[in-house]
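This briefing concerns the model shown below. It begins with the chain as a whole and then turns to individual elements and residues.

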Amino acid sequence: MTERNENNEQIASSNLMADPGVPVQQQEFTPAKKAVADDEVKKVHFAGFWMRFWAYLADLLVIGSLNRILIHPIFKFYEGTDDLWFSAEGFLTGVVFFLYFVLMTKFLNQTLGKMIFGLKVVALKDEKKNISWGTILFRELIGRYISKVTWIGYLLAGLLPKKQALHDVFADTGVVLIRR
């Protein structure tokens, strides 16, 4: 506890109990901003369902554009009777989809859609800057496939306290806002 003297200077309350004839010694107080470095205390804001939804739509536009530029011209003149789900074209567009998410998340911790909306993928357990390959592959390949198939996996981002989708829960990752 601190008190102020007649000169409006802070003094420790333990000094108030001192003998009245003895001068009070001033103690230096460190302001809270200087006592705690900026790197030590950070308030994290997890990205909610709607921010992630709009970022995902932007990513789908990017992936669709990549597929139109890279994959579809190869098969333009191919008149096969393959069903789209089991065709070579369908397989390659799926590869582009997963490579986009895996490589962008591994090397930049965010996709282009997340960059637009100021979001970033972070590991909740590890304090490392980059997420491990195992975590990324599990999150983007297995976890995202399960979330995509069930659709409820994406809706969890609006319900859980850390706003994690199912693939985030599996990989112990989260999506945070990096700008406000």
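**Overall architecture**

Of the contacts (heavy atoms within 4.5 Å) in the protein chain with a separation of 6 or more, 61% are between residues 24 or more positions apart. The model is predicted: local features need pLDDT of at least 70 and side-chain atom pairs count only at pLDDT 80 or more, while totals for chains, interfaces and linings use all residues. Residues are numbered from 1 along each chain as its sequence is written, and side-chain values use heavy atoms, with hydrogens and water left out.

- The protein chain has eight helices and four strands; these are DSSP runs numbered from the N terminus, with helices being H or I of at least four residues and strands being E of at least two.
- Read from the N terminus, the order of elements in the protein chain is β-β-α-α-α-α-α-β-α-α-α-β.
- The protein chain exposes about 12,700 Å², of which carbon and sulfur atoms supply 62%; accessible areas come from the Shrake-Rupley method with a 1.4 Å probe, and for residues only the protein chains shown count as cover.

**Nonpolar cores**

- A nonpolar core is a set of buried Ala, Val, Leu, Ile, Met, Phe, Trp, Tyr and Cys residues joined through side-chain atoms within 4.5 Å.
- The largest nonpolar core comprises ten residues, namely Tyr56, Ile63, Ile71, Phe75, Val96, Phe97, Tyr100, Phe101, Met104 and Tyr154.
- Helix H3 (49-71) and helix H4 (88-108) each contribute at least two residues to this core, and H4 provides the largest share of it, five residues.
- Another core lies apart from it and has nine residues, among them Ala55, Val121, Ala123 and Val175.
- In soluble globular proteins, nonpolar side chains tend to be buried together.

**Aromatic pairs**

- The structure holds ten aromatic pairs; rings of Phe, Tyr and Trp (its six-membered ring) pair if their centres lie within 6.5 Å, and planes under 30 degrees apart count as stacked, over 60 as edge-to-face and the rest as tilted.
- Phe53 and Trp54 form an edge-to-face pair, at 5.1 Å centre to centre with 75 degrees between the planes.
- Phe53 counts as partly exposed because its relative accessibility is 30%, and Trp54 counts as partly exposed because its value is 45%.
- Tyr56 and Phe101 form a stacked pair, at 6.1 Å centre to centre with 25 degrees between the planes.
- This pair links distant parts of the chain, with Tyr56 in helix H3 and Phe101 in helix H4, 45 residues apart.
- Both Tyr56 and Phe101 are buried.
- One aromatic cluster is formed by Tyr56, Phe97, Phe98, Tyr100 and Phe101.
- With neighbours within four places in sequence set aside, Tyr56 is in contact with Phe97, Phe101, Arg144, Lys148 and Tyr154.

- The 18 residues of helix H6 (residues 133-150) should span 26 Å at 1.5 Å a residue, and the end C-alpha atoms are 25 Å apart, which agrees; the expected span is 1.5 Å times one less than the number of residues.
- H6 bends by about 35 degrees at Gly143, the bend being the angle between axes fitted to the seven residues ending there and the seven starting there.
- The buried residues of H6 are Thr135, Ile136, Arg139, Glu140, Gly143, Arg144 and Ser147.
- Val102, found in helix H4, is buried because its relative accessible area is 6%.
- The C-alpha atoms of Val102 and Leu137 are separated by 6.6 Å, with the two residues 35 residues apart along the chain.
- Beyond its neighbours within four places in sequence, Val102 is in contact with Trp133, Ile136, Leu137, Glu140 and Leu141.

**Positive phi values**

- Most residues other than glycine have a negative phi.
- Asn109, which is not a glycine, has a positive phi of about 60 degrees; Asn109 is found in the loop between H4 and helix H5 (112-117).
- Asn109 counts as buried because its relative accessibility is 5%.
- Trp151, which follows H6, has a positive phi near 60 degrees.
- Lys163 has a positive phi near 55 degrees and lies in the loop between helix H7 (152-155) and helix H8 (166-171).
- Lys163 is partly exposed because its relative accessible area is 33%.

Conventions
Buried < 20%, exposed > 50% of the residue type's maximum accessible area, 1.4 Å probe, protein only.
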